[in-house]
Protein chains: 2
Amino acid sequence: MAAARPGPTTRAPALTVRDGLARPGEEVLATEEPLEIRLLSGGRRYPVAVTMRTPGADFELAAGFLYNEGIVKDRSQLRRVSYCLDAERDGAQHYNIVNVETSGPVPVADIQPLERHFSMTSACGVCGRATLESLTARGCRPLADGPLLQAEVLQALPDELRRAQAIFESTGGLHAAGLFTNEGALVAVREDVGRHNAMDKLAGWALMNGLLPLAGHILVVSGRSSYELVQKSLAVGAHTLCSVSAPSSLAVDLAREFNLTLVGFLRPGRFNVYSAPHRLAPGA
Amino acid sequence: MAAARPGPTTRAPALTVRDGLARPGEEVLATEEPLEIRLLSGGRRYPVAVTMRTPGADFELAAGFLYNEGIVKDRSQLRRVSYCLDAERDGAQHYNIVNVETSGPVPVADIQPLERHFSMTSACGVCGRATLESLTARGCRPLADGPLLQAEVLQALPDELRRAQAIFESTGGLHAAGLFTNEGALVAVREDVGRHNAMDKLAGWALMNGLLPLAGHILVVSGRSSYELVQKSLAVGAHTLCSVSAPSSLAVDLAREFNLTLVGFLRPGRFNVYSAPHRLAPGA
């Protein structure tokens with residue numbers, strides 16, 4: 001059977017109303033489709049997650065998700081990342097299931113939290129402080145100080161990210177995560193309907209190319225900075241996370257705890273630094 | 001022990017850089033804290049979810065989440081919604097765990113999908129089509145036609161929503177979901193760091209006040225329209241979902257399947273209608 005592989009954009013009929021006049025037409029939408037991530041480890045199959053995502057960079061998304069969740073810790077653990085080839089599934093579904101096969105068995109204790117996504121609470125309590133402590137328990141350590149950040153480099157990043165967003169241009173509806181050197185050169189950008197997916201895709205790309213940890217790099221995201229995005233930034237080792245919008249309280253707490261420079265409201269002529277401001281070069 | 005109840009906003013020190021000049025100051029952030037939702041049913045306790053949320057309307061969030069997930073189907077099933085009073089937990093945690101006690105036992109089959117959040121895939125396959133079919137299997141039915149929508153009423157909604165966003169004003173960092181009559185009168189608004197939480201809070205408010213289904217009402221969300229937001233709109237029975245930004249492909253598919261009018265890019269002088277345009281009054 002010919003496989004109908006979903007693309008990153010989808011055309012759909014739409015009525016456009018402008019100045020009171022309705023016209024039938026067609027719009028380009030960001031594709032949203034479920035992706036199931038399966039872990040094949042020690043002869044067992046674990047269906048660890050289903051995420052709604054924009055097709056594209058699916059292998060990076062699966063690998064990055066498992067890395068950011070602390071299940072895959074190193075590129076050497078990846079034996080094979082592939083689409084599912086179950087004979088009984090039809091074509092479209094082949095491209096909505098990614099198998100990540102590890103070269104050795106992953107400790108079951110690392111997988112269990114994902115299988116029961118609420119299990120963290122029994123172990124560590126339900127509050128921001130306990131959430132932060134659970135990361136330390138998982139091996140997360142504060143970043144080293146440095147390197148110094150130039151204010152003018154930071155200010156140029158949002159425009160750079162927007163220019164690199166190919167799918168956003170056509171749909172107006174995608175989040176992006178961009179990786180930059182400390183000097184402001186764009187290294188990679190990934191897009192998705194979900195901000196967390198865009199970050200996972202970036203992490204998977206870095207993992208599969210042997211680039212982790214991303215020490216000395218800056219991450220830029222298109223939306224707000226939440227706890228989850230700071231956690232993913234720390235997982236890949238970037239020293240700075242920037243967004244054009246507001247951070248949440250727990251995002252700031254987490255960034256402070258682990259010495260990540262968190263920049264918000266990064267806009268022409270202004271920005272805020274919520275944590276680790278010591279990285280800002282004098283003169284800014 | 002005195003309970004430190006988290007509020008919807010948090011003050012935090014921040015460095016503000018403006019025109020190259022850095023000044024230490026203080027910013028108001030949207031609070032983000034974990035909330036565990038527990039279902040007490042038939043003498044058993046089910047920890048069904050942990051969500052990162054902005055404190056406030058926590059009971060509505062818990063009840064609305066359970067309603068939107070199809071676990072609680074009617075107000076009469078709610079016996080008691082309360083904060084957790086475990087003696088061994090400290091004050092802050094009391095306000096991060098909400099118990100929802102049902103008046104009778106909920107079928108375990110309704111709870112299982114939440115306990116293993118990836119379980120849908122084994123039953124229905126992993127693709128957009130199968131995702132839509134699983135909603136029909138859960139009892140979701142297409143909306144009735146009507147009522148007619150006035151273009152000028154729709155165009156006024158984003159400004160109305162923004163004016164009602166109390167927390168956004170101070171933080172610049174919150175999503176909102178607003179409920180309006182078909183004539184454009186604001187009925188209720190809820191805010192949260194998560195768009196899905198804002199919608200769950202609205203659903204819980206309507207459920208606890210005996211207002212479901214919200215037939216004849218319009219929902220407006222601050223961000224993009226995803227599959228999840230359309231699903232929650234259908235769960236409460238609104239006939240129209242509007243956003244100022246883009247919908248995803250699966251959001252449009254789902255809206256079409258269930259006769260929901262999906263409006264996107266709702267901005268001064270223009271908007272797009274992606275599904276059920278028959279509700280638009282002639283002359284628009």
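Me: Is A:Asn99 buried or exposed?
Reply: Buried means under 20% relative accessible area, exposed over 50%, and partly exposed in between, using a 1.4 Å probe and protein chains only. With a relative accessible area of 11%, A:Asn99 is buried. This is a predicted model, in which local features need pLDDT of at least 70 and side-chain atom pairs count only at pLDDT 80 or more, whereas totals for chains, interfaces and linings use all residues. Residues are numbered from 1 along each chain as its sequence is written, chains are lettered from A and ligands numbered from 1 in the order in which they are written, and side-chain values use heavy atoms, leaving out hydrogens and water.

Me: Where does A:Asn99 lie, and which residues is A:Asn99 in contact with, leaving aside neighbours within four places in sequence?
Reply: Strands (E, at least two residues) and helices (H or I, at least four) are DSSP runs, numbered from the N terminus. A:Asn99 lies in strand β6 of chain A, residues 97-102. Contact means heavy atoms within 4.5 Å. Once neighbours within four places in sequence are left aside, the contacts of A:Asn99 include A:Arg38, A:Leu40 and A:Cys84.

Me: Which residue is joined to B:Thr240 by a polar contact of side chains?
Reply: A polar contact is a pair of N or O atoms within 3.5 Å; within protein, one must be able to donate a hydrogen and the other to accept it, and residues adjacent in sequence count only if both atoms are side-chain atoms. Here the side chains of B:Thr240 and B:His239 are joined at 2.6 Å. B:Thr240 belongs to strand β10 of chain B, residues 240-243, and is buried, at 0% relative accessibility.

Me: How is the packing of α9(B) and α10(B) to be read?
Reply: Two packed helices are described by the angle between their axes and the distance between the axes. Axes are lines fitted to C-alpha atoms, for helices over the stretch in contact, and angles run from 0 to 180 degrees between N-to-C directions. For α9(B) and α10(B), residues 249-257, the angle is about 25° and the axes are 7 Å apart. Angles under 35 degrees count as roughly parallel, over 145 as roughly antiparallel, 65 to 115 as roughly perpendicular and the rest as oblique. The two helices, α9(B) and α10(B), are therefore roughly parallel. Among the residues making the contact are B:Tyr227 and B:Leu234 of α9(B), and B:Leu250 and B:Ala255 of α10(B).

Me: How many residues of helix α9 of chain B are buried?
Reply: Eight of the 10 residues in α9(B), residues 227-236, are buried.
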